[in-house]
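Colleague: Before I rely on this model, I would like to go through the terms used to describe it and ask what each one rests on.

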Amino acid sequence: MTPFTERLRNGFGRERVREHAPLAPFTTFKVGGPAEWLLEVSSAEELLRAFELAHAAGVAVTMLGGGSNVLISDQGVAGLVVRTRGGRIEEVGRTGEADAAVTLVRADAGATINALVRWTIIRGFAGLEAWAGTPGTVGGGVFGNAHYGGHLLSELVDHVRLVSRERHVRDVKACDMEFAYDRSRLQRTGEILLWVVLRLRRGADSTALRAVARQSLAYRKRTQPLDTKSAGCIFQNPDPASDALPPGIPASAGALVDRAGLKGRSVGGASVSTTHGNFIVNNGGATATDIRKLVKICQQVVRDLFGLTLREEIVYLGAFEEYQKPSARRR
Ligand SMILES: Cc1cc2nc3c(=O)[nH]c(=O)nc-3n(C[C@H](O)[C@H](O)[C@H](O)COP(=O)(O)OP(=O)(O)OC[C@H]3O[C@@H](n4cnc5c(N)ncnc54)[C@H](O)[C@@H]3O)c2cc1C
């Protein structure tokens with residue numbers, strides 16, 4: 001047993017710390033190799049404690065939420081993988097008289113988006129209901145600034161609590177989070193989200209909110225291959241302001257993949273979904289290498305045909321060649 005394993009086990013209990021633990025089961029793609037160390041945490045306090053132990057030992061930390069937007073390398077992930085699993089959700093305040101209908105709701109990084117949606121609907125807090133059915137956690141949602149129906153999660157964020165590489169814990173207002181489509185400052189800085197505070201509208205009718213949630217779920221069922229192993233949309237939609245779109249094709253990565261004739265294209269056990277061009281599915285037995293190769297093929301074919309480069313929405317964890325987007329936290 002390494003000294004770090006021993007310290008983790010002393011801090012969290014023997015049974016909670018695993019060495020060389022397979023990560024594939026904790027991702028929606030169901031692929032990827034093991035974590036050198038894996039620890040599951042269920043609160044912001046535990047997350048901070050795990051990070052401090054790793055920092056003191058000089059061990060790299062990689063965050064994993066619901067694993068619904070990642071492709072984990074077949075070689076796995078070096079260092080400590082901290083998987084957030086659940087956490088507190090609570091109302092922490094209401095704004096002043098003039099703005100009395102606004103409530104502030106705090107959710108730990110490991111709370112699932114779906115649990116948060118349900119929690120808010122029951123209390124008649126409006127704003128999140130259309131997000132019903134979005135897989136993953138609040139941490140992953142803020143990291144990638146999740147989007148649905150033309151809206152960004154950041155539209156609801158008041159502020160967040162982060163811990164920096166240097167172990168500074170700080171509250172950061174939404175306006176300082178560098179939020180944009182598929183973007184937050186966490187991707188640049190490697191900070192970890194401990195919790196988020198959202199601004200929601202009080203006094204809504206729960207039945208009406210539930211109806212919106214049901215519509216979203218039904219729309220997802222109709223348009224996405226939900227019964228397969230995927231990581232949702234692989235590519236970001238092109239930006240009409242900066243990407244030169246071919247005439248007659250909407251600013252949709254799925255439409256570009258579709259028009260390029262790539263639906264159904266396979267590498268090993270991975271194929272481009274026939275339901276949704278922006279989904280790659282693991283048909284069983286796919287490796288991360290298969291999926292990565294298929295991503296590259298899609299990018300190449302779309303580039304050759306339309307002169308436009310599709311950018312990944314998914315995050316690669318572990319070692320992949322030529323990958324730029326910062327995803328893992330390194331000391
Ligand atoms: C069927 C399906 C449908 C989907 N539909 C949508 C959709 O409508 N809209 C949308 O935006 N996305 C969608 N997604 C993608 C995914 O649900 C979101 O991106 C989600 O927010 C990812 O959260 P996660 O917890 O699973 O993150 P993970 O996949 O676990 O991690 C993603 C990134 O976030 C980082 N991270 C996780 N927790 C933290 C933390 N506490 N602090 C710092 N970094 C952290 C990880 O290191 C990683 O880099 C879909 C995915 C699937 C499989």
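Colleague: What makes the radius of gyration of the chain agree with that of a compact globule?

Modeller: This is a predicted model, and the reasoning runs from chain length: a compact globule of 331 residues would have a radius of gyration near 20 Å, and the chain has 20 Å, so the two agree. Along its principal axes, the C-alpha trace spans about 55 × 50 × 35 Å.

Colleague: Into which domains is the chain divided, and how far apart do the C-alpha centres of domain 1 and domain 2 lie?

Modeller: The division gives domain 1 (3-84), domain 2 (89-222) and domain 3 (233-313), and the C-alpha centres of domain 1 and domain 2 are 24 Å apart. Contact requires heavy atoms within 4.5 Å, and 13 residues from domain 1 and 16 residues from domain 2 take part in it.

Colleague: How much area do domain 1 and domain 2 bury between them, and what share of it is on carbon and sulfur atoms?

Modeller: About 1100 Å² is buried between domain 1 and domain 2, with 73% of it on carbon and sulfur atoms. Helix H2 (44-57) and strand E3 (61-64) each supply at least two residues of the side of domain 1 that touches domain 2, and H2 gives the largest share, six residues. By class, that side of domain 1 has six nonpolar, six polar and one charged residues.

Colleague: How many salt bridges and how many residue pairs in polar contact are counted between domain 1 and domain 2?

Modeller: The count of salt bridges between domain 1 and domain 2 is zero, whereas two residue pairs are in polar contact, both at pLDDT 80 or more.

Notes. Residues are numbered from 1 along each chain as its sequence is written. This is a predicted model: local features need pLDDT of at least 70, side-chain atom pairs count only at pLDDT 80 or more; totals for chains, interfaces and linings use all residues. Side-chain values use heavy atoms; hydrogens and water are left out. Domain bounds come from an automatic or database domain assignment. Buried area is the accessible area (1.4 Å probe) that two parts lose on being put together, summed over both. A salt bridge is a side-chain nitrogen of Lys or Arg within 4 Å of a carboxyl oxygen of Asp or Glu. A polar contact is a pair of N or O atoms within 3.5 Å; within protein, one must be able to donate a hydrogen and the other to accept it, and residues adjacent in sequence count only if both atoms are side-chain atoms. Helices (H or I, at least four residues) and strands (E, at least two) are DSSP runs, numbered from the N terminus. Ala, Val, Leu, Ile, Met, Phe, Trp, Tyr, Cys and Pro count as nonpolar, Asp, Glu, Lys and Arg as charged, and the others, Gly among them, as polar. The radius of gyration is taken over C-alpha atoms; the globule rule is 2.2 Å times the number of residues to the power 0.38.
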